[in-house]
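Subject: Structure for you to look at

Hello,

Here is the structure I promised to pass on. Please open it alongside this note.

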Amino acid sequence: MNINDTIVALSTVPGSAALAVMRLSGDKAISIADKVFKSRYGKKVSQQNTHQVLLGDFHYKNALIDEVLLSVFKTPNSYTGEDVVEISCHGSVYVQQKILKILQDMGARLAEPGEFTLRAFLNKKMDLSQAEAVADLIAAESEAAHHIAVQHLRGGISKSLGSLRERLLSFASLIELELDFSEEDVAFADRTQLRALVDDIRTTLKNLLDSFETGNAIKHGIPVALIGMPNAGKSSLLNALLEEEKALVSDIAGTTRDSIEDTLTIGGIQYRFIDTAGLRKTTDVVEAMGVERTQEKIDKASILMYVVDPTIQSPKAVITAVAEIRRDDTTLLLVINKKDLLEKEELNLFLDALEQLDLDALVYDKISISTKDDSDITALRQRFAGLVQWNTGSALVSNQRHWAALQAAMAGVMEVTQGIKENRSSDLLAIDIRRTLHEMGTITGEVTTDDILGNIF
């Protein structure tokens with residue numbers, strides 16, 4: 001793509017609507033607008049101050065196309081840093097296509113995907129992590145995902161790394177200076193101060209790396225696997241949680257042969273609830289394939305909901321099953337289902353037996369429910385509130401590219417730390433410091449390659 005071209009694109013969703021917005025950006029944006037727009041108040045677009053909104057007519061070859069609002073943003077005070085004109089027209093598909101075609105005939109070309117944001121980055125209106133956050137903000141489907149995207153858009157990661165990178169860059173300059181005076185054996189960089197800085201960087205990188213599991217899960221929806229014996233009521237529970245008949249329910253054990261999933265937002269976080277085939281040994285080939293896929297879902301889930309039918313499972317069998325499936329990196333909720341089929345005393349005896357078998361050491365929480373009772377389902381949803389901490393005020397890493405760069409930066413920092421401890425020569429320290437600076441710089445865009453920009457935009 002030629003970044004000197006004037007570009008145009010539809011900024012609103014394609015299709016019929018009350019309104020649609022076209023965006024022009026580039027050196028010719030205002031001159032093109034002057035040729036096709038007649039203000040109701042006589043002034044040309046080029047005569048307007050920046051950040052003005054004008055009412056007028058969009059015309060072409062003496063034909064009126066539509067009555068529009070035109071917004072003017074003059075360089076450098078615009079999203080892209082270039083002259084930008086936004087045209088709000090009526091949302092007829094014909095009108096949208098007609099205006100786009102005319103703007104192209106007047107000298108603009110259709111923008112490539114992400115090109116407006118690419119220009120904003122190239123013109124230093126935002127750094128690379130902020131540019132990536134634009135797409136995350138558009139795609140956010142929950143309060144938590146929106147919160148993370150806004151943090152990144154405001155430069156959350158950049159602020160975490162920026163000052164540390166600048167300080168490390170100063171030390172790198174002093175280390176490089178030592179190389180010029182290697183014969184005199186002069187030390188310009190204080191190794192004690194460098195060690196303290198490297199410790200700060202290591203702590204910051206570790207905090208960011210540790211946040212990735214939560215941030216990435218929130219961005220894509222936290223996977224919750226509903227597991228248990230056949231006919232434990234997993235499908236009925238999924239339908240109750242979603243308030244729709246998503247999964248087929250039958251009294252016949254083994255009805256669910258494949259995983260079924262849907263999303264639900266609770267407490268500002270999107271969860272992906274996955275109904276799985278019942279866990280048991282079976283000679284049915286298709287059901288066995290379903291059980292195998294259940295194990296795959298268990299391995300990938302962040303939260304496991306083990307659904308129990310107390311009318312057919314003993315407390316000891318439940319504890320044994322939970323002990324086999326639990327992992328240290330997952331949260332396990334025990335759901336005792338079908339409580340309506342037991343007398344209150346029977347249910348209490350069941351729960352007491354679980355406690356005596358040291359249940360609390362295996363599960364995060366437990367709850368007794370009936371899928372026929374709305375208040376029980378509400379109570380179960382409330383158990384998810386506060387389960388994932390996301391509104392902490394600190395930046396959460398949710399981008400795979402950032403995580404990989406942070407990993408590489410951490411490896412560089414560890415080498416610098418080891419180099420200081422072993423009193424390595426300045427040239428060897430300089431190599432590891434440059435490596436660390438490079439990886440930190442790829443996150444915010446101080447260091448870029450065509451491949452990185454091509455993948456992002």
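Below is what came out of it, from the whole chain down to single residues.

Bear in mind that this is a predicted model.

The whole chain

The chain has 457 residues, and 48% of them are buried. It holds 16 helices and 13 strands. Take the contacts between residues at least 6 apart in sequence: 65% of these join residues at least 24 apart.

Helices H4 and H5

Look next at H4 (residues 128–139) and H5 (residues 143–153). The two helices pack with their axes 8 Å apart, at an angle of about 155 degrees. An angle over 145 degrees counts as roughly antiparallel, so H4 is roughly antiparallel to H5. Their crossing is left-handed.

Which residues make the contact? From H4 they are Ser129, Gln130, Ala133, Val134, Asp136 and Leu137. From H5 they are His146, Ala149, Val150, His152 and Leu153. Sorted by class, that contact has six nonpolar residues, four polar ones and one charged one.

Glutamate 132

Helix H4 also carries glutamate 132. Is glutamate 132 buried or exposed? Its relative accessibility is 9%, so glutamate 132 counts as buried; the cut-off for buried is under 20%. Its side chain makes a polar contact with the side chain of histidine 402, at 2.7 Å. Leaving aside residues up to four places away in sequence, glutamate 132 touches Asn399, Arg401, His402, Ile443 and Ile456.

Backbone points to check

Most residues other than glycine have a negative phi, and most peptide bonds are trans.

- Proline 76 sits in the loop between strand E5 (63–73) and strand E6 (84–91).
- Histidine 51: phi is positive, near 60 degrees, and this residue is not a glycine. Histidine 51 lies in the loop between strand E3 (37–39) and strand E4 (52–60). With a relative accessible area of 48%, histidine 51 is partly exposed.
- Asparagine 62: phi is positive here too, at about 65 degrees, again in a residue that is not a glycine. Asparagine 62 is in the loop between E4 and E5. Its relative accessible area is 80%, so asparagine 62 is exposed.

Best wishes

How values were computed. Residues numbered from 1 in each chain as written. Predicted model: local features only at pLDDT ≥ 70, side-chain atom pairs only at ≥ 80, totals over all residues. Heavy atoms only, no water. Helix = DSSP H or I, 4+ residues; strand = E, 2+ residues; numbered from the N terminus. Buried < 20%, exposed > 50% of the residue type's maximum accessible area, 1.4 Å probe, protein only. Polar contact = N/O pair within 3.5 Å; in protein donor to acceptor, adjacent residues only side chain to side chain. Contact = heavy atoms within 4.5 Å. Axes fitted to C-alpha atoms, helices over the stretch in contact; angles between N-to-C directions. Parallel < 35°, antiparallel > 145°, perpendicular 65-115°, else oblique. Left-handed = near helix turned anticlockwise from the far one by under 90°. Nonpolar A, V, L, I, M, F, W, Y, C, P; charged D, E, K, R; others polar.
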